Amino acid sequence: MLSLLLPFFLLLTSTRTTTCTRTGINDDNDVIQWRGNIAHTAHFNVTLLPGQPRQLYRHHGLNKGVHSAAKSSPVVLADGETFLQAGDTGILYRIEIATGQPLWAAAQLGFSSFGYHSTPCAIYRDDDDNTPDLAIIGSYDGVLSAFDLETGHRVWETSVGEHIGASPTCTSSFIYIAVEFSTPRAAGGVCKVQVDTGDKIWCSYTMGSHSHCTAGVDYQHNVVVAGSNDNYLHVFRETDGVTLAKYNTSGAIKGPILMHHGFAIFGSWSGNIFAIDISHLASKVPTTATADTIQIERGPGLYKWPPIESDKKFMSGVALDPTTNLLYTGGHDYKIRCIDFHTGKVRWEYQTNSYILSSPIVLNNAILSGSSDGYVYALDKATGKALWSYILGRTGRITASVDVSHDGKYILYASDSYGFTAKNQCKGKPGSLHVLEIRETDASGSMHEEVAVDDNKEEVSDEDNDNDKKVDSAKAKSDEGLKDEL
Ligand SMILES: *[C@@H]1O[C@H](CO)[C@@H](O)[C@H](O)[C@H]1NC(C)=O
Ligand SMILES: *[C@@H]1O[C@H](CO)[C@@H](O)[C@H](O)[C@H]1NC(C)=O
């Protein structure tokens, strides 16, 4: 089966001609996904327009927000004019950027009060043979679904686990998705699924807890890599799902895994950012299904550089600018860091006012990230100086990633609900979808008034004080699957 599929895959990827302007390195040009490509560099060939952002529109009710994990991020599609956005209400929308009008809405199949946390992939297929282009997304009912990108009609669905909190990693032929189980006990794993049919090629349910991780895929080294709440980075053989290694990081690993030059680069709740060498695993394929468990402390040559340390957690994904080999990521210590891939040295840090769960994206002339302080930040890549930061109204946490249109003009992001705030006047305002438009700043500085509106700041400090209490009570109520989200 596999020997038939692989040549087919290679043929497909080498003969495609569709081009999307919003692509990163190593891209399969027929797939658009959250972190740009299967290596998750989150590097996009987009130049942010100069000027200041202003709100174009804001839609309420996207997320109802009972816990503050990173939820679904917007994904601008190949046409440059529309985007996909899912919410924890269990509805996936395709929306026109300029107007905010939905073209279609598609609901999750089963019942799950946590809906979609997954960020969808878009897969463009051959125009000649009537195969629909697809939106691929997982939902908390454990179902991976493919919707017709034109109509929103369901094309197939596959149950892969009890819950899906993670985002799919997609090629033209295959989808890799981390899944989780709550019964009889917390567990998880990764499945490889066929794009055309939704058939499972393999599922490896070897994790000791849930996985919210967007799996990194490296065909050169024949591995699929995903973290878990069991504290391990799990490395699977791409062809059959056999576990090749497990790395104990002493903390949950929740963000997407960046794959670069044979290293898996990611943050852990241990308070570290790791760059672990997985390149040797390709030549050390085990003959049994029993994995070698590798203690993280063990062995010289395991790391690219000593793990970066913080007294706070890391959950944000790491982005890479392949032209400079600089890495960008956020932390629970409120900082966005720029790290040299070759040396592991921190080039600069930018301090925001709250946790950063949002995974930064890298553009030609800026990086963009959200923060739990409710601001979107555009930072200079080389210096970390803010080009601008933006908040308007009671935005709440931005835990998902920010996206940008191909022309660098529109900024898209979702913000959390006020479920965790102490202030009554803020309660019941559901999470929002925001679209900003960059406008040239006029000489009179009339932008100032709007950009400077900042009634969120007070909320943030309240939120922080209140947080643990709220999380505790949420924990007590929630199922195993959600209790350790924040
Ligand atoms: C980036 O996009 C521009 C057009 O917008 C194109 O001319 C250029 O070749 C692209 N660069 C890369 C590296 O893809
Ligand atoms: C993982 O590493 C930590 C820190 O060294 C250690 O305390 C813990 O026992 C390890 N876990 C397992 C399952 O080996």
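Modeller: Happy to! A residue counts as buried here if 20 or more other C-beta atoms lie within 10 Å of its own. Keep in mind that this is a predicted model. Let us look at Ala-400, which sits in the loop between β31 (386–390) and β32 (403–404). Ala-400 is buried because 28 other C-beta atoms lie within 10 Å. Beyond its neighbours within four places in sequence, Ala-400 is in contact with Ala-70, Lys-71, Ser-72, Ser-73, Ser-358, Tyr-413 and Ala-414. Take Tyr-413 from that list: this residue is 13 residues from Ala-400 along the chain, and the two C-alpha atoms are 7.4 Å apart.

Now for some other loops. His-40 belongs to the loop between β1 (31–32) and β2 (52–60). His-40 is not a glycine, yet its phi is positive, about 65°. His-40 counts as buried, because it has 31 C-beta neighbours inside 10 Å. Asn-231, in the loop between β16 (223–227) and β17 (232–237), also has a positive phi, about 80°, without being a glycine. With 20 C-beta neighbours inside 10 Å, Asn-231 counts as buried. In the loop between β12 and β13 (187–194) you will find Pro-184, which is joined to Thr-183 by a cis peptide bond with omega about 0°.

Finally, the largest nonpolar core has 125 residues, and Val-225 is among those touching the most other members. Strand β12 (residues 174–181) gives this core its largest share, six residues.

Methods: Residues numbered from 1 in each chain as written. Chains lettered and ligands numbered in written order. Predicted model: local features only at pLDDT ≥ 70, side-chain atom pairs only at ≥ 80, totals over all residues. Helix = DSSP H or I, 4+ residues; strand = E, 2+ residues; numbered from the N terminus. Buried ≥ 20, exposed ≤ 12 C-beta atoms within 10 Å, placed from the backbone. Contact = placed C-beta atoms within 7 Å. Core = buried A, V, L, I, M, F, W, Y, C linked by C-beta atoms within 7 Å.
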